[in-house]
Amino acid sequence: MVKEELLKLLEESRGEILSGNDLKDTLGVSRNAVWKAIQLLKEEGHHIDSVKNKGYTLLKESDVLSVGGLMQTLGAQSSYHVEVLEEVPSTNTYLKESDSKKNNSLVFAKKQTKGRGRLGRSFFSEDLGGLYFSLLKKEDLTHYNPSYATIACALSVRDALSEISGLPLSIKWVNDIYYEGKKLAGILTEGTLEMETGTLSSLILGIGINVNTKGFPQELVDIATSLFIETGRTYVRQDVAKNVLSHLEKNLLLTKENPAGLLSAYKKHLLYLGEEITFLYNTQPRTGILTDLTPEGHLLVESEGSLLTLHSGEISIRKGEQK
Ligand code: BTN
């Protein structure tokens, strides 16, 4: 389609003016067809300037998720199978429910109607500048140790967002990225087991980041934040995704090659280390000092004279006393 081809050309030269004449020749269509395709792209929200007698330019800050734009950003030779959905209940569920999806399927949604978090929680996923995507791994799973997948993912998101924004971000065990007491991003990793053998047959890594979100509903205002709110800048979500994925692919390999190194990098950014936290233990609220991580990535907490090991499946922690 002319529109997709045109977007690809504009993406390849973001910030530069491409002449209408060159575009029509490259695409092999009329000038009018180029003009019409530009109007359609503008209607989709792409920031394209029409420069009189010169041509068209896709502005550097234009931030619309598209398959073409993502392919361009991630690199033509990347092995991802990219999809961009207007709306879906959850990108994790979407990948989980389809057997036909290929290894390295990478699904983005502009909006999720049932964005999911850990422990059955929901994740705010309106079409308001957030980045919601899931990556499916179903080949070469022996290259990874799934026990560390959430840790690898959390560290990747933290490092990528810190690099992009300059903010000193922290990780709230096990999967939340925080800035000054507010949540900026969350991760939901899910695996499927082969019933007969008990081996892992697929891994879904779901990531939600509040990127350009300008505000949150009342009930989230005190607990959620975004890169935009904290830095006053807007970000091209495709670039954010690229940065996260490049950290993620490296860190996933470390889950097998060097989990101790991965854990030590993770621990550097761990919130509440050495501080008092509260948690539910056997359904009872308890307080204790967050002492360390075990080599498996579980949490060691000193509470009422004993050292407890908390596993991520059941536990959520918070600072200070349980309310
Ligand atoms: C959490 O808050 O505990 C984790 C939130 C994870 C949200 C992401 S958004 C993309 C993917 N799809 C989902 O339904 N959840 C993850």
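View A. E12 is partly exposed at a relative accessible area of 41%, and K8 is partly exposed with a value of 41% (buried means under 20% relative accessible area, exposed over 50%, and partly exposed in between, with a 1.4 Å probe and protein chains only). The model is predicted, so local features need pLDDT of at least 70 and side-chain atom pairs count only at pLDDT 80 or more, whereas totals for chains, interfaces and linings use all residues. Residues are numbered from 1 along each chain as its sequence is written, and side-chain values use heavy atoms, with hydrogens and water left out.

**View B. K3 pairs with E44 in a salt bridge.** The closest N and O atoms of K3 and E44 are 2.3 Å apart. K3 belongs to helix α1 (residues 2-12) and E44 to the loop between α3 (31-43) and β1 (48-51), so this pair ties together parts that are 41 residues apart in sequence. K3 counts as buried at 14% relative accessibility, whereas E44 is partly exposed at 38%. A network of salt bridges links K3, E4 and E44, and the structure holds 17 salt bridges.

**View C. R286 and E304 form a salt bridge.** Their closest N and O atoms are 3.6 Å apart. Since R286 lies in strand β11 (residues 284-293) and E304 in the loop between β12 (299-303) and β13 (306-310), the pair ties together parts that are 18 residues apart in sequence. R286 is buried, with a relative accessible area of 17%, while E304 is exposed at 67%.

**View D. The largest pocket holds about 930 Å³ of space.** On a 1 Å grid over the protein atoms alone, a pocket is an open set of points with protein on both sides within 12 Å along at least five of seven lines, a cavity is a set of points where a 1.4 Å probe fits but cannot get out, and lining residues have an atom within 4 Å of a point. The pocket is lined by 47 residues, of which R121, K172, D176, Y178 and K183 lie nearest its centre. Strand β8 gives the largest share of this lining, four residues, and the lining draws at least three residues from each of domain 2 (67-267) and domain 3 (276-322), with domain bounds taken from an automatic or database domain assignment.

**View E. The largest cavity lies between domain 2 and domain 3.** About 40 Å³ of space lies in this cavity, and the structure holds one cavity of 30 Å³ or more; a volume is the space filled by probe spheres set on the grid points, which are joined across faces, edges and corners. Both domain 2 (67-267) and domain 3 (276-322) give residues to the lining, so the cavity lies between them. The lining residues are R118, R121, K172, W173, V174, N175, D176, I315, S316 and I317.

Note on methods:
Salt bridge = Lys/Arg side-chain N within 4 Å of Asp/Glu carboxyl O. Helix = DSSP H or I, 4+ residues; strand = E, 2+ residues; numbered from the N terminus.
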